[in-house]
Amino acid sequence: MQRKNLGTVLTMIACLIFGNLSFAAPTTETVHATLTSPPFVPEATHRDHAVKVIVELEVRELEKEISEGVSYTFWTFGGTVPGSFIRVRQGDTVEFHLKNHPDNKMPHNIDLHGVTGPGGGAASSFTAPGHESQFTFKALNAGIYVYHCATAPVGMHVANGMYGLLLVEPPEGLPAVDHEYYVMQGDFYTVGKYREHGHQDFDMQKAIDERPTYVLFNGSEGALVGDHALKAKVGETVRLFVGNGGPNLVSSFHVIGEIFDKVRYEGGVHEQENVQTTLIPAGGAAIVQFHLDVPGSYVMVDHSIFRAFNKGALAILKAEGPEDKNIYSGKEVDSVYLGDKAASAAPVEEARAAQATGKLTIQQQIKAGEARFAGTCSVCHQNNGAGLAGVFPPLAGSDYLMADRLRSINIVLNGLSGQVTVNGNTYNSVMPPMSQLNDDELANILTYVRNSWGNKGDSVNAADVKQVRESTKRPQGAAH
């Protein structure tokens, strides 16, 4: 009798620990997983029991835009970077089908960090183009897990965008929130420099040296800004599933103007509260949650900050609703942080398309330059070109600027320090070099400046900028 009672007690303890999961007998109920493309997340499973879940995921090799006017051949799970979001429940049996589209050139497989077993499914899922592989695993542990391709060379497959997230819900599910979004960081390595137009190929040596050209959320600079920004309302709670595909960099994930109420760090079950910035390792993930108190544009960044403003790791969550001056009296959009994403990208795209056909007009350049001027130059020189008295010289009606077109290119490209006289007034300040701008961007900005606020000048073209750039001597390793 005592032995029987002991067995009953042990069974009850096991149920409490594992949430009444049954690992012994296979389930007969079968469901097909609903997969979503980023930034969207499938609905919660809303189940109090384990089932058999069939997951069907197809690998596609696709040429897509990585930045405005820059294309790249991504290798993807489900046609997107990151790959499709997969959501199951702890205790589920997952029947995984990996398909490799017949138009693909490379074999691929999948390693799911939520799988208990050597390789995480990689050895069982090696799939040639035009073929399909199948394997089964038990979702033993709750958490948010990265999956990625593990076909040699592994780093190249991951660097081309082959990663995503698998959420294994705990038996009781996650607490309800108003919005759930899917955001994943990755570092990309191209032969050309940042924002260099045209098709860019993968650069293996840059990847080995861990020198990314781009660091991005959801696979492109435009993925989560402008019309694609995440949306919520004041008073709502937002949960972000944030992953880091790598292949190399650790992310310092931060939302400017918010404090994370809760963070499930490293994808586990423990929570930290009131977190400003959370580390997410390559091949890791976290769940961050916060409540919106005031409206505005909340900028999400990798706080290794050059990655945000000079490599693309920047996204926006737009919150609408009533202001609360007791909490914050600031303005709606802060161009200091939004940078050249503060204005619409439509004029930039229009100018790029026109230039490709050889029909670029000065009016198109002016509009594109105005969009790039916002955030890039307006912080110091102001939106009206007036500058700051005694500190930054004016661009409006500037005799110094308009006197020499090539000199103006050189100043923006290479910077300027020391004393200058503008419109009879002396200024002694420093302008940093803006050599991260590509030739088109710099030409359009200067065309806008030279034709605004009383200035009447001709256009600056990309060939002019290229000439100055190539004639500039720089120390080895300096930006060019």
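User: Which residue in S21 stands opposite Ser297?
Analyst: Lys318 does. This is a predicted model, with residues numbered from 1 along each chain as its sequence is written, and local features need pLDDT of at least 70, side-chain atom pairs count only at pLDDT 80 or more, and totals for chains, interfaces and linings use all residues. Side-chain values use heavy atoms, with hydrogens and water left out.

User: How many bridges join S20 to S21?
Analyst: Six, and the strands run antiparallel. Strands are DSSP runs of E with at least two residues, helices runs of H or I with at least four, numbered from the N terminus. Two strands pair if DSSP finds at least two bridges between them.

User: What's the strand order in the sheet?
Analyst: S13-S21-S20-S15-S18, an open sheet with mixed pairing. S13 (230–233) and S18 (277–280) are the edge strands, each with a single partner, so one side of each has no neighbour in the sheet.

User: And S13 with S21, parallel or antiparallel?
Analyst: Parallel, over four bridges; Leu230 has Leu317 of S21 as its bridge partner.

User: What about S15 and S20?
Analyst: Residues 251–256 and 296–302 pair in the antiparallel sense over four bridges. Phe253 is bridged to Asp302 in S20.

User: Switching to H11: how many of its residues are buried?
Analyst: Eleven of eleven, over residues 439–449. Buried means under 20% relative accessible area, exposed over 50%, partly exposed in between (1.4 Å probe, protein chains only).

User: What covers them?
Analyst: The cover includes helices H6, H7, H9, H10 and H12, with contact meaning heavy atoms within 4.5 Å.
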